[in-house]
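Colleague: I would like to learn how to read single features in a model. Could we go through a few, one at a time?

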Amino acid sequence: MSEAGRDPSPAAPLAVAAAAPEEKKAKEPEREKLPPLGSAGAGATADLDKGAKGQISTSSSVPSTVSQKKEATENRSSPTHLVFPSIKNVRDLPPTCLDVRQKQRISTDASSEVKAPVLTEPGLPVQPKTMKDFQEDVEKVKSSGDWKAVHDFYLTTFDSFPELNAVFKKDTTASFNTIEDSGINAKFVNAVYDALLNTPQDIQKTVLKGIINSLLREWKGPRTKDDLRAYFILLQNPQFNNTSTYVIYAHLLRQISTLVEADHHFLVHWLKKLSLKRFKQLVERLLQFISLRLFPAKPEEFPPIAKCSWWIPSASKVLALLNTANNLVHPPLIPYTDFYNSTLDHIDLMEEYHTWQSFGSSHRFSFCQYPFVISIAAKKIIIQRDSEQQMISIARQSLVDKVSRRQRPDMNMLFLNMKVRRTHLVSDSLDELTRKRADLKKKLKVTFVGEAGLDMGGLTKEWFLLLIRQIFHPDYGMFTYHKDSQCHWFSSFKCDNYSEFRLVGIYA
């Protein structure tokens, strides 16, 4: 079993708390300390990442009501020590759905083939406020300036996964174990997040602190649909646009990326139901996260790349879920070009390509595993350089074979030599390609019979131009031009020799 398949070893715990009013400090000292955010992002990220090597302390039960939960919190005599599991490098992050530990988890979306017992949805706390109540509280703040009601709402809502479901679930008594309906009140989620960015900093820190507690508490255990709904809601949090929150965002992405395939299936179908604005924001947020991790404007804001090498693989996997969701919608929510990350044009693309060629989709991460994020310009560079390397390799092998047979080397052996007549351009070209298949990966060199001249690139360009012009001419019969689409397509006439079409593909 790989390291990713074992539970992380215990280490020094991390106390999670946030700053709050003076009168509340005496009651909840352990809940009032949150790593500095905003300008102090570097310290926060460092403190959080220090805890990435520890064990998780989970709560065995969830209070049935909000008041019970608060009373249980106030009666605690010692701080709650919760930490993130450690993933030291990208090798420790298993491919989604291949992790042995993840395979052993029981999923409640069991299909007819799965014979594991279906877990019942846990009971949810009493819903504290409706969307109308929340909006009225926000409106009252404009006249009174008192944020207490709004602060209490955010404090309670983001404290745990059950609380998130209690607030945003359309019907807390229904399971909503369907692909097409997440059971979430999307308008309420949008209203809460839109108002969040206009709240005081202490409220925003309270939300982040609650998310930290939720993620740490929910790291282990089987995944229910309520867990998936909580991930779906947290993923839309606009606070993750700020680099000071990237450590928290990274751990959220890691938990989502390591879900089993069946859970990803649900998330993909829920993501495709998002509005165009929200969907595009998610994609842009993930692309920005990857870009800033690759080329940080302020490197001191983030942990060293060696300690968080799992950040980019996790983000790429979640981005792949969004790309899949986008492709399920007709027409797509956003153009496929919106998934391109132009930052990747400035990395060593050939190293990424060789990593992908050598290790495939396991053990080592490569952006080539996710080609939808690589721009056309970057793909062109990869293909061109790979082609040049193959040309050199084949030419070198031909030279070695010639020397091993004690034959005199000839410069022509390093090229794909094409000798054609202008009067029989197409037939001669097809014949040459058929006879010289072993040399197809060598550099092309064209000679016109009866004409003196050395091909330095000009003759090859002329050959391509004349050849394409003749092949696509309607009189030749291979292709037909359609005026409506302004495209050429295969001719409907019956052809006796379809090998010509395959050979056209070799040099076209």
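Colleague: Where does Gln486 lie?

Modeller: This is a predicted model. Gln486 sits in the loop between strand S3 (479-482) and strand S4 (487-490).

Colleague: What is there to read in the backbone at Gln486?

Modeller: Most residues other than glycine have a negative phi. Gln486 is not a glycine, yet its phi is positive, about 55 degrees.

Colleague: Is Gln486 buried or exposed?

Modeller: Exposed means over 50% relative accessible area. Gln486 counts as exposed because its relative accessibility is 61%.

Colleague: Is the peptide bond from His330 to Pro331 cis or trans?

Modeller: Most peptide bonds are trans. The bond from His330 to Pro331 is cis, with omega near -5 degrees. Pro331 is placed in the loop between helix H14 (311-328) and helix H15 (349-359).

Colleague: Why does Asn237 count as buried?

Modeller: Buried means under 20% relative accessible area. Asn237 has 0% relative accessibility, so it counts as buried. Asn237 belongs to the loop between helix H10 (225-234) and helix H11 (246-257). Apart from neighbours within four places in sequence, Asn237 contacts Tyr193, Leu196, Val207, Ile211 and Arg285.

Colleague: How many of the residues of helix H8 are buried?

Modeller: In helix H8 (residues 186-196), 8 of the 11 residues are buried. Among them are Tyr193 and Leu196, both of which are in contact with Asn237.

Colleague: What covers the buried residues of H8?

Modeller: The cover includes helix H5 (131-144), helix H6 (148-157), helix H7 (161-168), helix H9 (201-217), H10 and helix H13 (276-294).

How values were computed. Residues numbered from 1 in each chain as written. Predicted model: local features only at pLDDT ≥ 70, side-chain atom pairs only at ≥ 80, totals over all residues. Heavy atoms only, no water. Helix = DSSP H or I, 4+ residues; strand = E, 2+ residues; numbered from the N terminus. Buried < 20%, exposed > 50% of the residue type's maximum accessible area, 1.4 Å probe, protein only. Contact = heavy atoms within 4.5 Å.
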